[in-house]
Amino acid sequence: MDDISLTYTGIMKRGSEKIVKVRFSRNGEKDYAEGVIPGGKIEKSQGFSDKELASLRFYLKANAADLIQKAKEITGLRGYFRDNP
């Protein structure tokens, strides 16, 4: 799985749960997989094989703590800009 880019949101709320949405893409966004942590579930995908999706789910679960920490930093910046016009 070469040339896959990863992007993620800040901390979001889904009901009472705090989540981070993660997007994997390649081929100029033609192929993508959208997942959520915690849990590591892939919610949408196009262009990735079942084997690749299994690897992406594993990646999400194995790196959840790091991704959540990075998402907290984004969330903190959003709050800063919202409070300081």
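User: Let's start with serine 25. Leaving out residues up to four places away in sequence, what does serine 25 touch?
Analyst: Serine 25 touches Asp3, Ile4, Ser5, Asp31 and Tyr32. Contact here means heavy atoms within 4.5 Å. Before we go on: this is a predicted model, where local features need pLDDT of at least 70, side-chain atom pairs count only at pLDDT 80 or more, and totals for chains, interfaces and linings use all residues. Residues are numbered from 1 along each chain as its sequence is written, and side-chain values use heavy atoms, with hydrogens and water left out.

User: Thanks! Is serine 25 buried or exposed?
Analyst: Serine 25 counts as buried because its relative accessibility is 5%. Buried means under 20% relative accessible area, exposed means over 50%, and partly exposed lies in between (1.4 Å probe, protein chains only).

User: And which strand is serine 25 in?
Analyst: Serine 25 sits in strand S3. Helices (H or I, at least four residues) and strands (E, at least two) are DSSP runs, numbered from the N terminus. Serine 25 is also the bridge partner of serine 5. Two strands pair if DSSP finds at least two bridges between them.

User: Which other strands pair with S3?
Analyst: Strand S2 (residues 12-14) runs antiparallel to S3, joined by 3 bridges, and lysine 13 has lysine 18 as its partner there. S4 is antiparallel to S3 as well, over 7 bridges. In that pairing, valine 20 stands opposite isoleucine 37.

User: What about the turns between them?
Analyst: S2 and S3 make a hairpin with 2 residues between them, and glycine 15 in the turn has a positive phi of about 65°. The hairpin of S3 and S4 has 4 residues between its strands, with asparagine 27 in the turn at a positive phi of about 55°.

User: Which side chains make polar contacts with the side chain of aspartate 31?
Analyst: One is the side chain of arginine 26, at 2.9 Å. Another is the side chain of asparagine 27, at 2.7 Å. A polar contact is a pair of N or O atoms within 3.5 Å; within protein, one must be able to donate a hydrogen and the other to accept it, and residues adjacent in sequence count only if both atoms are side-chain atoms.

User: Let's switch to helices. Which residues of H1 are buried?
Analyst: Those are Glu52, Leu53, Leu56 and Leu60. They lie on the same side of H1 because they cover an arc of only 100° around the axis, taken from the directions from the helix axis to the C-beta atoms.

User: Why would residues a few places apart point the same way?
Analyst: An α-helix has 3.6 residues a turn, so residues three or four places apart point the same way.

User: And which residues are exposed on the other side of H1?
Analyst: Asp50, Lys51, Phe58, Lys61 and Ala62 are exposed there.

User: Last one: how do the elements run along the whole chain?
Analyst: The order from the N terminus is β-β-β-β-β-α-α, giving 2 helices and 5 strands. The chain has 85 residues, of which 29% count as buried.
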